[in-house]
Amino acid sequence: MVQVGSIARGALVALVSAALLATPACGDDDETPDSSSRDSDVYSAILDTVAAEEPVEDEETPLLYVAPLGNEKPIPLDVQVSVVDAIADVAVVRFVDEAEQAIDQDGEGEPVLDDGLLVSLGSVPPDGSSVHVPGELYRTAADTSAVEYEVNETADGWVVIQARSASEASSG
């Protein structure tokens, strides 16, 4: 009887192991696009463009604090890591959950910490090869501008086609 139990237990272990190995293959990962990768690619394109427009001293890279725009949810950690890695050669990126975390509240004019630029970004639309992402650039309380980024998917990846002030975007 002990042998029968051992055989049954061995078969059960083999069956459970096979089921666990087969489970990832049964998922719908191949059927749905990876939204975090899409978000990372779009945000990276935007921040690469912003960094290229930032005046910096020789051999320096711009410091960009990145926050969700308005009442948006914080940007997911996997997206943050991908963005930091993607543009490490052109900018130092620090993500914050709230814009206030990047602002020197006690400094004259409430500047961004460490002479950086605060870039607040809206969410990336889930569909389309051309997307519009709202944003805001903040240097001080008196130097803030709303921006809308038009980002297109090309054979080489996502590229910012146009960055317009919010007033330009709404008028045309």
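## Largest pocket

The lining of the largest pocket comprises 5 nonpolar, 2 polar and 6 charged residues, where Ala, Val, Leu, Ile, Met, Phe, Trp, Tyr, Cys and Pro count as nonpolar, Asp, Glu, Lys and Arg as charged, and the others, Gly among them, as polar. Of the 13 lining residues, Glu54, Pro55, Val56, Pro62 and Asp115 lie nearest the pocket centre. The space in this pocket is about 240 Å³. A pocket is an open set of points on a 1 Å grid over the protein atoms alone, where a 1.4 Å probe fits, with protein on both sides within 12 Å along at least five of seven lines; lining residues have an atom within 4 Å of a point. Grid points are joined across faces, edges and corners, and the volume is the space filled by probe spheres set on the points.

## Basis of the model

The model is predicted: local features need pLDDT of at least 70, side-chain atom pairs count only at pLDDT 80 or more, and totals for chains, interfaces and linings use all residues. Residues are numbered from 1 along each chain as its sequence is written, and side-chain values use heavy atoms, with hydrogens and water left out.

Helices (H or I, at least four residues) and strands (E, at least two) are DSSP runs, numbered from the N terminus.

Tyr149 is in contact (heavy atoms within 4.5 Å) with residues including Ile46, Val50, Leu121 and Val160, leaving aside those up to four places away in sequence.

## Helix H2

H2 has 18 residues and spans 26 Å from its first C-alpha to its last, close to the 26 Å expected at 1.5 Å a residue, taken as 1.5 Å times one less than the number of residues. Its buried residues include Ser36, Arg38, Ile46 and Val50; buried means under 20% relative accessible area, exposed over 50% and partly exposed in between (1.4 Å probe, protein chains only). The buried residues of H2 pack against S1, H3, S3, S4, S5 and S6.

Glu110 lies in the loop between S2 and S3 and has a positive phi of about 50° although it is not a glycine. Glu110 is partly exposed, at 31% relative accessibility.

Asp114, in the loop between S2 and S3, has a positive phi of about 55° and is not a glycine. Asp114 is exposed, with a relative accessible area of 53%.
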